[in-house]
Amino acid sequence: MHRATSNLHRAPNGGLVFIDNEAGLVHGYRLLSMWDKYNEPLLRSVCIFREATAQRVWELHRLQNAASELLRLYRTHEPLSGRLGFLSEQQAQLLQGRIDFVHKHILHCKAMATSL
């Protein structure tokens, strides 16, 4: 990357936390074409996932409900959700497609690890 980041921080447990302080999740969809050329190669270069993350990705893939689950969490935890918008149907499908892509990659990683 050519620029410094001010919205990626290290949590007390050592994990990385992305602080989305722009226009929220939907803003990311507008910029997707600009960043996707980095996202996919980065994902393909990593085969280490927390078990809980892999399990949750599997559940979201199996149930095909990423957008509705996100909407449930959004309404539960965001006090302004009633006044703010949410994902369009096209964005919801894109989100599910990205979950499915990550799920497929995790399966690929597991297969590679078993073959070692």
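Modeller: The largest nonpolar core has 10 residues: Y29, L32, A54, V57, L60, A66, L87, L95, I99 and I106. Helices α3 and α5 each supply at least two residues of this core. In soluble globular proteins, nonpolar side chains tend to be buried together.

Before going further, note that this is a predicted model. The protein chain has an average pLDDT of 85, and 85% of its residues score at least 70. The confidence is highest in helix α3, residues 51–63, with a mean of 96. It is lowest in helix α1, residues 25–30, where the mean is 66. Where pLDDT is low, the predicted coordinates should not be read in detail. One of the core residues is Y29, and its number falls in the range 25–30 of α1.

For orientation, the protein chain holds five helices and two strands. Along the sequence the order is β-β-α-α-α-α-α. Of the 116 residues in the protein chain, 22% are buried. Among contacts between residues at least 6 apart in sequence, 64% join residues at least 24 apart. The protein chain exposes about 9,100 Å², and carbon and sulfur atoms supply 59% of that area.

Now take α3. This helix has 13 residues and spans 18 Å from its first C-alpha to its last, close to the 18 Å expected at 1.5 Å a residue. Its buried residues are A54, V57 and L60. They lie on the same side of α3 because they cover an arc of only 125° around the axis. On the face of α3 turned away from the buried side are the exposed residues E51 and A52. The buried residues of α3 pack against two other helices, α4 (66–77) and α5 (89–115).

The chain leaves α3 through Q64, which follows the helix and has a positive phi, near 50°. Q64 sits in the loop between α3 and α4. Most residues other than glycine have a negative phi, and most peptide bonds are trans. Q64 is not a glycine, yet its phi is positive, about 50°. Q64 is partly exposed, with a relative accessible area of 43%.

The partner to look at next is α5. It has 27 residues and reaches 39 Å from first C-alpha to last, close to the 39 Å expected at 1.5 Å a residue. The buried residues of α5 are Q91, A92, L95, Q96, I99, H103, H105, I106 and C109.

Q96 counts as buried because its relative accessible area is 8%, and the cut-off for buried is under 20%. Leaving aside neighbours within four places in sequence, Q96 is in contact with L60, H61, Q64, N65 and A66. Q64, the residue with the positive phi, is therefore among the contacts of Q96.

The other is H103, also in α5. H103 is buried as well, at a relative accessible area of 9%. With neighbours within four places in sequence left aside, H103 is in contact with V57, W58 and H61. V57 is one of the buried residues of α3.

From C-alpha to C-alpha, Q93 and A66 are 8.9 Å apart in space, while 27 residues separate them in sequence. Apart from neighbours within four places in sequence, F101 is in contact with E40, L43 and R44.

To put the part together: the buried residues of α3 pack against α4 and α5, and α3 and α5 each supply at least two residues of the core.

Methods
Residues are numbered from 1 along each chain as its sequence is written. This is a predicted model: local features need pLDDT of at least 70, side-chain atom pairs count only at pLDDT 80 or more; totals for chains, interfaces and linings use all residues. Side-chain values use heavy atoms; hydrogens and water are left out. pLDDT is the predictor's confidence in each residue, from 0 to 100. Helices (H or I, at least four residues) and strands (E, at least two) are DSSP runs, numbered from the N terminus. The expected span of a helix is 1.5 Å times one less than its number of residues. Buried means under 20% relative accessible area, exposed over 50%, partly exposed in between (1.4 Å probe, protein chains only). The arc is that of the directions from the helix axis to the C-beta atoms. Contact means heavy atoms within 4.5 Å. Accessible areas come from the Shrake-Rupley method with a 1.4 Å probe; for residues, only the protein chains shown count as cover. A nonpolar core is a set of buried Ala, Val, Leu, Ile, Met, Phe, Trp, Tyr and Cys residues joined through side-chain atoms within 4.5 Å.
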